[in-house]
Amino acid sequence: MQAFIDQLIKDGAFAGVPKEVVYAIAMVVVALVVLSAFVAPLAGVTSWLERRVWARMQSRVGPNRVGPQGILQWLADGIKNLLKEDLIPSASDAKLFSLAPYIVFMGFLCTFVVIPFGANLIVADLNIGILYILAVTSLVVVGILMAGWASNNKWSLLGGMRSAAQIVSYEIPAGLSILTIIFLAGTMSMQGIIKAQGWAPWDWFLFDNPFTFAAFFLYFTAALAEGNRTPFDIPEAESELVAGYVTEYSGMRFLFFFFAEWGNLYVIGAVATTLFLGGWQVPPLPIFDNSPVLLGIAQFVTFFLKAYAWVFIAMWVRATLPRVRVDQLMGLCWKYMVPLSFVCLLGTIGFMFMPADGRRIFGIITFGFALATMINFFRRVVFQIRAAKPELYFKPQI
Amino acid sequence: MDSKEIYASLEKLFPAKVSDFKGDVMEPYLTVDSAAIVEICRFLRNSPGYRFEVLSDLTALDWPKEEKIQIVYHLFSYSQNHQIVLKVDLPRDNPKIATLEEVWKVANWFEREVYDLFGVIFEGHSDLRRIMLPEDWVGHPLRKDYVEQEEYDGISTQRAPLVEKLLR
Amino acid sequence: MNETAQEQGGFYTEDMTISVGPQHPSTHGVLRFVVKTDGEVISEAIPDVGYLHRSIEKIGEKVTYHGYVPYTDRADYLAAMFANQAFCMAAERLAGTEVTRRGEFCRVIACELNRIASHLISVGTFGQDIGAMTPFVHALRERETINNLMEEICGARLTYNYIRIGGVGYDILPETCTKITDFVDHFEPIVSEFNRLLSGNKIFIERLAGVAVVSKEDALSYNLVGPNLRGSGIKWDIRRDIPYSVYPELDFDVPIGTAHVGALGDSFDRYWVRIREMQESVNILRQCLKMMPKGPAISKVPRKFRPPVGECYARVEAPRGDMGFYVVSDGSEYPYRVRIRTGSYTAMSIIDKLSKGIMLADLIALIGSLDVDAPEIDR
């Protein structure tokens, strides 16, 4: 990106304007473009997809009226919420109350700066990319605590406290799993990590050795907990805390919290893809040699599909599993996931001392094991479909 | 055990305190003196042969013509599969009786309901306050001579007659 | 509101008083608990009932026996058939009316279908309180079929007014019997699917095992009935032990809590008893449909129903336990007193005791596992 702007300056496009100003304006423009053209529709369509996926899993239909198959439902929801009365409880701390949703939103939005959509499609390839993401996503804790406290409502307070404890605790297994990959890749830059992997599944870090395989699931679980998704959605547990920390919010402020949650799902998927699943790497087919545009599109689509598969799996998990209790949640993190993360880290470091051929063999073995698990899983799915008595609609559209 | 046998043995053990056995009705019952109810219930619960582990129901009947409120206890035994009904007559203008809370804990809630709806005071109850109706309600609804209060919290409880409503 | 402050090692803390309800997504109906918590751990949870008090007992003194039957539906609208049946049994015993044999079978079929519907709601909402949203919708999907069947039988989906004094209101037609058989065949594997989805789930088990254990002595002293009592290991079912209607001729098992996860009498046992009861109801339905005799569905009962002076206590095994109707008659066509004694009322009385020291999330699990139901409590 920076190279592109430098090229434009050299060509004399911005005569008379100091370089820093050009950079600043360019960054703002790009941020706006990313935000409105990618993030907003993405979060919106994720919300629609979540409702649709849940509904089909629950023998219902889901939203299918607004737009083709209901895909514009999020737009209708957004407009409706914008038109709602802006309620701020009189006894609440108005400034913090109003500020909280924006901080939560910022916490997730800033991560899009380093998400690598393609080899050249990244806003800023920071050389501390993944560390930046970890740092910025911690901002949501501040926002949620503010929301819980400023609402002047005991239910919100409980929700905020639970959430703060949860997010802060689960940063550690997530961070350790990420550290595992940083050791393997040797760099913290997102593009660097992707370039350290290959396009084929057995070249991904996921199958590099059994420890990274475990680290992936640890990361995914910890990231779900950080994103307040079931089975860890106690901060917003509807049946216990009315609505947790968002109880007093209505209208667009309410939607901001959920916007952040759905968008965060994508960030989780994107980070998982970058670190473990080879990112945007595509097989080196001959048609890509001549047209970089086609290559760019192929890379973007690969990355998007891989990241979105994990979004779908997060939705699937939410529809299926019940909620974990707070003390069980903390016990799970500190007693099981943190030690396991350490074990994965040390195991991976041990593996790094193995010669390259041995590592390749291990990679293929792990890949074979994962493939066997997938096949077994699909056999179970077929069994359940056969055993299920109600009429099954396989067409997703109704 | 048959209810007749239960009455016979109770009469022997608590001579002056049980009376008036009606055995030929659907639910045979015997009348118990109000002062002795806790003793008799504890005996019925604990002694082998009776073993009434459960207080199935505790309710009241209002007999304004006979100037009494009758508290009805339905006792049941799972192990022996028999039941007995005890009735206690209380004077209508000052109904007081000892609580059965120590014998069966469920009596706590049953007695609160009887207090709420009939106005019977249970002495020794740990927490005798209204349960169904709001705390500041006046009157005991299930009594036969209950007349609803005119206003509650500023809202009138009387409904205008239909003709007036149509004319409005 | 006074908050007790305690000094814990020099750290100043206060108890928090929260009101769970009356508007809350997971109290079953309009209930309120005043909960004092120290952070997440509850020190006291006092139930506050009466939000749904409709004075059904007082209304009983103002309407005739026949006219009171629709009111009994509302005493527990999720298990309306049982309240109908209990009141009609009490009135019939008072007057000495015989019920026709076909009427008895129609009653049992309607009641067992209603039991399945009520238990579906119970386990579905229980799963939802724990956080699993999907089993709830699946349970409701099955309940929709039952509601449609009920509509075919008696015209209403929720408050039936079907079981009348002397029999049932309308006969069950052969087409409906076929549909009930189809439903029963379809439903049996659904329960196993439900178990695979929810009951076997490790998170679900961890949430419930060992939570709010009710010992046998407590279950008897607090007069818990129905699945709550059987979950604590006491094998007592009115259909088996004080049989009424045609239950003596039917062959079914009475499930009790087995503590195969956690302790005996914990929340999971009570939930498991309900799942097993659904399966037993399926058995009963199959037998009834095979054994249905021909004949009139209702016997002749005078319009002005005037039972002789007396009183009667009739019990039925409702989904929430032993529902008893104590009807006192003074010879006129209006009852002198109708007393409804329900299982949820006594289940509420044990909540205060069980809730000391558990966490807020466990309170929700406890209320769901006891299957309390606001209309039954407040009447």
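In this predicted model, 25 residues of chain A are in contact with 30 residues of chain C. Chain A itself is built from 14 helices and 0 strands, and its domain assignment gives domain 1 (1-83) and domain 2 (86-353).

**Contact between chain A and chain C**

- Chain A brings 25 residues to this contact, and chain C brings 30.
- On the side of chain A that touches chain C, the elements giving two or more residues are helix 12 (292-320) and helix 13 (326-352) of chain A.
- Helix 13 of chain A provides the largest share of that side, with 3 residues.
- By class, the residues on the side of chain A that touches chain C are 11 nonpolar, 6 polar and 8 charged.

**Fold and dimensions of chain A**

- Read from the N terminus, the elements of chain A run α-α-α-α-α-α-α-α-α-α-α-α-α-α.
- Chain A is as compact as a globular protein of its length, because its radius of gyration of 22 Å is close to the 21 Å that the globule rule gives for 398 residues.
- The C-alpha trace of chain A spans about 70 × 65 × 45 Å along its principal axes.
- Of the 398 residues in chain A, 43% are buried.
- Among contacts in chain A with a separation of 6 or more, 77% are between residues 24 or more positions apart.

**Domains of chain A**

- Domain 1 of chain A covers residues 1-83, and domain 2 of chain A covers residues 86-353.
- Taken over C-alpha atoms, the centres of domain 1 and domain 2 of chain A are separated by 19 Å.
- In the contact between these domains, 17 residues come from domain 1 of chain A and 19 residues from domain 2 of chain A.
- Helix 2 (19-57) and helix 3 (73-82) of chain A each supply at least two residues of the side of domain 1 that touches domain 2.
- Helix 2 of chain A gives the most to that side of domain 1, with 12 residues.
- The side of domain 1 of chain A that touches domain 2 of chain A has 11 nonpolar, 5 polar and 1 charged residues.

Terms used: Residues numbered from 1 in each chain as written. Chains lettered and ligands numbered in written order. Predicted model: local features only at pLDDT ≥ 70, side-chain atom pairs only at ≥ 80, totals over all residues. Contact = placed C-beta atoms within 7 Å. Helix = DSSP H or I, 4+ residues; strand = E, 2+ residues; numbered from the N terminus. Nonpolar A, V, L, I, M, F, W, Y, C, P; charged D, E, K, R; others polar. Rg over C-alpha atoms; globule rule 2.2 N^0.38 Å. Buried ≥ 20, exposed ≤ 12 C-beta atoms within 10 Å, placed from the backbone. Domains from an automatic or database assignment.
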